[in-house]
Amino acid sequence: MKKFVALLLAVVMVAGMTACGAKKAASASDSDMAYVKEKGKLVVGITDFAPMDYQENGQWVGFDADMAKAFAESLGVECQFVEINWDTKAMELDSKNIDCVWNGMTLTNEVTSSMACSNAYCNNAQVIVVPADVAGQYADAESCKDLTFAVEAGSAGEAAVAELGYNYISVADQASALMEVSSGTSDAAVIDLLMAGAMIGEGTSYANLTHTAELTAEEYGVGFRKGSDLAAALNEFFAAAYADGSMAACAKTYGVQDALIAQ
Amino acid sequence: MAMLEVSHMEKRFGNTEVLKDISFSLEKGQSLAIIGSSGSGKTTLLRSLNFLETPDAGTITVDGQLLLDAAVRTKASDKEIRKKRLRFGLVFQNFNLFPQYTALENVMLASQLLAKERPDYRQNRREILEQIRTRGVELLTQVGLQDRLDNYPHQLSGGQQQRVAIARALALDPDILCFDEPTSALDPELTGEVLKVIRSLAERNMTMIIVTHEMAFARDVADQIIFMDGGVIVEQGPARQVIEHPVQERTRRFLSRYQGQS
Amino acid sequence: MFQTVLNALNQGFLLTLALFLVTLAGALPLGLLVSFGSMSRFRPLRYVMRTIVWIFRGSPLLLQLFIIFYVPGELDHNIWAFSSGRFWAAATAFILNYACYFSEIYRGGIESIPRGQDEAGLVLGMTKQQIFFKVKFMQLVRRIVPPISNEIITLVKDTSLANSIALAEVIWAGKKFMKSDGLVWPLFFTILYYLAFTGLLTLFFGWLEKKLSYYSV
């Protein structure tokens, strides 16, 4: 009995170690496109982020989601959406749990240095969000310098506030940042313009909030694993979709046509 | 022929010699009391007979069958040791009853487990278990606990627990029943009921080895007495003679000290 | 809207429940094997097992989740690339972590059973397995129910850590409404699920302890 247990434990451990330790010959040189085609599906990492990726009747829709589906179709593979934690997106890519991040991702230095990115396809800005009743006092960035900001950890908004040297705390996501302002635990938030358009103001749960000054202008792109040949393929796909007007049509469906960047 | 023969048994714990050249024999149906101060090696001797300790030298023979020869170093299989163990029963100083079982379950457990090894167990399961139960009730009746069958150990007094332990040891029909200071953990007013049970076993000619501090009891119940001191047998002989007319000076000193105390 | 939220939270809670049950089903027996290993008389095995226990008890579960889910893929060996991979990665981390916690509770329990119980079993001709399962096991259960029930209630709450690798358990389901509909209350509402579940467990363990107290050890 005791010997059996000892043996069993030894086997489990050795198996565990080989599983972790054995490193397959590097496939960095292999084509990422070939890898995706071979497994027959493109796994797209997203978060719930209207109007780019959001759920309707159990299906993922949105400007990004629809374009991702079209791109996967052009590759002849299935498109699978997986919700991820935004702050571990690079790990999700590297560990091949997803194949790309396609979720209104701002092309920051951090993003472009850790992923192979497509060309920019959408304009965006980081905007300040404050309660509507005090919006008059905080029309520009300078007037906000004594406020405490809530920003999404690792977001472009966080970078913008840090650059200004303002007081801020980092929260898990943009929605949490809005909640901070709404509940008064922070004075203001900095979030994406596109998201602000969809989530605050009249007719939303945050009717008491409004957005004021734009801090930085920025652009959205799609991220792939470092060295992936899929980024170039997506650029070609974008160019074609822009040329035949299908990209603009899709943008119009979700109200982001003004932000679209020519390919 | 002697029921039990122990010859030249030795046991060391590290550098301490606990048993030195122990030899004695015991006739069938006789009882042997082992007396001596604590640390004299008497408990180790008893534990060696029950294979709880492995002697470094010597042999144990039961009913003509050599059970242990310490010189033969081939390791016996667990199964063989279990079989040899069953020639002996052991009643502990602290009872060591199984707390989650009732008195009757304590007595039946080992028999039930052994019965599973019988080839006809599947076939005659019902009858076998019924027999074991009948035997268990009989044994508990024999120790005067017929109305305590379904009590858990913690619901019994120390004396009652020790009587259950005796019934439990008897359930496997050992050739030789050993007692390791069976009344030392009991309040004085409870020792009587346990001694009475042991006495009745002696009257039924159960072969027994009793390590005890109850000198009067040893004298009255045992046929033979061994006095141990410092790991050796100092004196052995008929019970009455050893207690009342010890030959050795060490025995005399021990007995007088004992009588002085009690 | 309330119905929609409730459906989503129920869905999330099912995953919480599944993770909880799978963890218990794996960790309770595995912990016993680990405790045997850490009490083994074979020294190398004992040292290895105690080191493993130290690693899993001595580092944050959150980190273990990240390592177990992401490191295989980083080493180009993604073992979680199947549809419920996240769930099984989380379950693996939880099982290993909790098995180590349980093993120490088992070890304490086993070592606290008097040696006399073994000896009584031995002289009655029982095998070591029989002694463990027929004599000591119930005494062990009796001793470990209080500490184990503590750990199990902690486990209910720890399952929420799995949302760090994007497992859509109940808190994740609640948070989603913040992003999609700007609703905050669904997240706070999830507390009722935890309270109901831990409440039931508390009642259950209270009943079990009482049930087991028919004898005293």
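## Domains of chain A

Domain bounds come from an automatic or database domain assignment. On that basis chain A splits into domain 1 (39-123 + 219-259) and domain 2 (124-218). The model is predicted: local features need pLDDT of at least 70, side-chain atom pairs count only at pLDDT 80 or more, and totals for chains, interfaces and linings use all residues. Residues are numbered from 1 along each chain as its sequence is written, and chains are lettered from A and ligands numbered from 1 in the order in which they are written.

The C-alpha centres of the two domains of chain A are 25 Å apart. Their contact (C-beta atoms, placed from the backbone, within 7 Å) takes 14 residues from domain 1 and 12 residues from domain 2. On the domain 1 side, strand 5 (100-106), strand 7 (122-131) and strand 11 (209-224) of chain A each give two or more residues; strands are DSSP runs of E, at least two residues, and helices are runs of H or I, at least four, numbered from the N terminus.

## Contact between chains C and B

Chain C contributes 19 residues to this contact and chain B 21 residues. Helix 5 (115-123) and helix 6 (128-158) of chain C each supply at least two residues of the chain C side. Helix 5 of chain C gives the largest share, six residues.

Notes: Contact = placed C-beta atoms within 7 Å.
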